[in-house]
Amino acid sequence: QSETSDRSSAESDSETEVEQVSVYHKLLATLKTSPESESEEEEDESESEEDGGSETEMDSEGSQEAGEADGGEEDKNDIPEQEEATETAERTLGQEQADGTDASCDPSHGVIEDFTDVKHESEFSLETNFMEEESGDCSADKRDSNSSQAFSEDPFKQHMDKELEEKEVEEMSTLPKTSSQSKWPRLGQLTFSSTLEKHKTLKADKEVDLKQLYLHKPLESTWPKVNKQFLPSLSKPSDPSFTPLQRELFCIMNTYRDLFYPERNALTNGEEIRHAYCLHALNHVLKANAQVLSNNAKRRDQKPGTDNDDYRDQGLTRPKVLMIVPFRECALRIVHILISLLEVNDKRKIDVSNKKRFKGEFGSDPEEKPPNLKRPEDYEAIFAGNIDDHFRIGVAILQKSMRLYAPFYSSDIIIASPLGMRTIIGAEGEKKRDFDFLSSIEILIIDQADIYLMQNWEHVLHLMKHINLLPLDSHGVDFSRVRMLNLNNWSKYYRQTLLFSALQDPQINSVFSKHCFNYVGQVAVRNVPLRGSISRVVVQLPHVFRKLEAENLTSVIDTRFQFFIDKVLPEYRDAIMSHTLIYVPSYFDYVRLRNYFKKEELNFTYICEYTKKAGVCRARRFFLKGEKQFLLFTERFHFYKRYTIKGIRNLIFYELPTYSHFYSELCNMMKATDNGVDATWTCTVIYSKYDAQKLAAVVGIDRTAQMLQSKKNVHLFVTGEN
């Protein structure tokens, strides 16, 4: 792949961080089961989060290749050097305050300050509170502990109380995973994989009894009401609370397997999925906290001097759930769902600290949206509400109360964007950096993963390298209450990862396959597209797919460039082939092409995510009038703006688009020009055998198999029907 992160990974120097001695290393040295702490490898980050100088939204949303502002790119003749994202982190963390001032991102300055809510610290402390007798949670917990059947069947206790042996951990580190296939009614083709003994293939439940899901109170009563909006009015009384998709997703989530679902759609099922994972995350947090509070009461009542090792019920740090979402609007919706799930009825409202401030910082003003701005429906769904992408917020939940803006070490759930995480994790050598709070994350949810490909995928990789590492400080933990799995540095083998995306992509697949170590195993949805987006092209034109031969994945980038300038570009140099738009998914490929076009003195203009508004208007006008023969056009600009480019007669896909529907969108832009002549329209696509997933999404799986075997150019003439 020629995406940003691949190039940056190739160009960065991998360094091994010097292992830092911590209180945990000293403690673990005394434990027989303690493995040596692994040294952490950390690559140099590829970009810094500087403002690109653009007037478009991309400056805040997609600060991907920092420092490449429009003015700067006109003068640079080489691909920009990549720098570590240190400046923003230092600037941000240097302004941390502990007096309760603004914690979130100030849109005008792009700065996050960590907020310490001193006022509610004791109220939400797990260590100093006990189970409320009247809440029903206490009796429920006693019922669970007294019933061996309930203890053995609750998925939460099954998963967290399982004691791995060193031999099993070694097997997971060295042996390959075994996999099996299964087909479910709604999810389709599933791949189950695991390293440990082969688990029974999970079967889809046709009906779900809420009592069999072991939902913690009050979720049994609140979930049907909260989820009612997604259910048909005539739903079966036997299964009144889940849609077919939610039922199958939750069935997998509740077994604590890792899950990769690459068919999330902001228009259709996005909110269904969000509700399902919020239910699972909240269920996990309530059970974990109830266990701690119950044990607090038991310890309080036991005779002094008695030493009991039965109360190991927590991690090295408190945060249990990390939710990664792209925009503030997503965080707003998640918090609203969590509040709704905790409120049994209108009379029993839960107490939410700092709610007004949260709405002010994460909400949006409807009047801010420019009027008469027509965009595709999927664009409107993705970019609804507050689309700032620099934020992080801690949420603490204790019985009948919720605390927003909780300090991370007092939080149960952390909701953040990749950039928000990146600026607090920092980089090697920085004084102000912190990632200890990620040490005991038990559920990691990465929603809308495809959007991070349009922001900065390096931030996601950076996060994955710093999750479930041993903390460097004790943070006041009571070691007698810490689970052995955490002390053994085995947290990553218990962490459940839920990954949701709108598409299959090698980089997203890589995170799921290389950074997920769950001992229970993984489940991935692997449906193949029968019909590609080419079927949605409404203009009649010939599609020519030109295959390039590359020796390996790393050579594709250079091979593609050489193939383009040697084989494709010469056919379009003639003035008669004017109005040629070249669609370039990778920013680095774009810079390389732009520099080549300048060197060859070709008549061209360009639009990228850092081009200022005036530059965009100028380029569109030149291209429409034919004053510029070529238009270089980046995928990220199209993703964030979705302008209709008029005047296209010849379309070249330098590489297949990340989003398959962009293919039909670009082709259909040709009909936007009234004076176009059908016979002159052309579409050329460059692809290689490494583009199989993208190719299948455009032309369908049947054609893909033929095209990957073909050694000749493939000509398709599509009318929109086939």
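Visitor: Where does T644 lie, and why is T644 called partly exposed?
Guide: T644 lies in the loop between α25 and β18 (650–653). Its relative accessible area is 40%; buried means under 20%, exposed over 50%, and partly exposed in between, with a 1.4 Å probe and protein chains only. T644 is therefore partly exposed. Its C-alpha atom is separated by 6.3 Å from that of M669, 25 residues apart along the chain.

Visitor: What kind of model is this, and how are residues numbered?
Guide: This is a predicted model, in which local features need pLDDT of at least 70 and side-chain atom pairs count only at pLDDT 80 or more, while totals for chains, interfaces and linings use all residues. Residues are numbered from 1 along each chain as its sequence is written, and side-chain values use heavy atoms, with hydrogens and water left out.

Visitor: What makes R636 count as buried?
Guide: R636 lies in helix α25 (residues 635–641); helices are DSSP runs of H or I with at least four residues, strands are runs of E with at least two, and both are numbered from the N terminus. The relative accessibility of R636 is 4%, and therefore R636 counts as buried. The side chain of R636 reaches the backbone oxygen of L453 at 2.9 Å.

Visitor: How do you know that helix α26 is mostly covered?
Guide: In helix α26 (residues 661–668), 7 of its 8 residues are buried. Among them are F662, Y663 and L666.

Visitor: Why is α18 called roughly parallel to α21?
Guide: The axes of helix α18 (residues 457–466) and helix α21 (residues 506–514) cross at roughly 5° and come within 11 Å. Angles under 35 degrees count as roughly parallel, over 145 as roughly antiparallel, 65 to 115 as roughly perpendicular and the rest as oblique. α18 is therefore roughly parallel to α21.

Visitor: Which residues make the contact of these two helices?
Guide: W457, L461 and M464 of α18 meet Q507, I508 and V511 of α21, where contact means heavy atoms within 4.5 Å. These residues divide into 5 nonpolar, 1 polar and no charged; Ala, Val, Leu, Ile, Met, Phe, Trp, Tyr, Cys and Pro count as nonpolar, Asp, Glu, Lys and Arg as charged, and the others, Gly among them, as polar.

Visitor: How many helices and strands has the protein chain, and what percentage of its residues count as buried?
Guide: The protein chain has 28 helices and 20 strands, and 58% of its 722 residues count as buried.

Notes. Axes are lines fitted to C-alpha atoms, for helices over the stretch in contact, and angles run from 0 to 180 degrees between N-to-C directions. A polar contact is a pair of N or O atoms within 3.5 Å; within protein, one must be able to donate a hydrogen and the other to accept it, and residues adjacent in sequence count only if both atoms are side-chain atoms.
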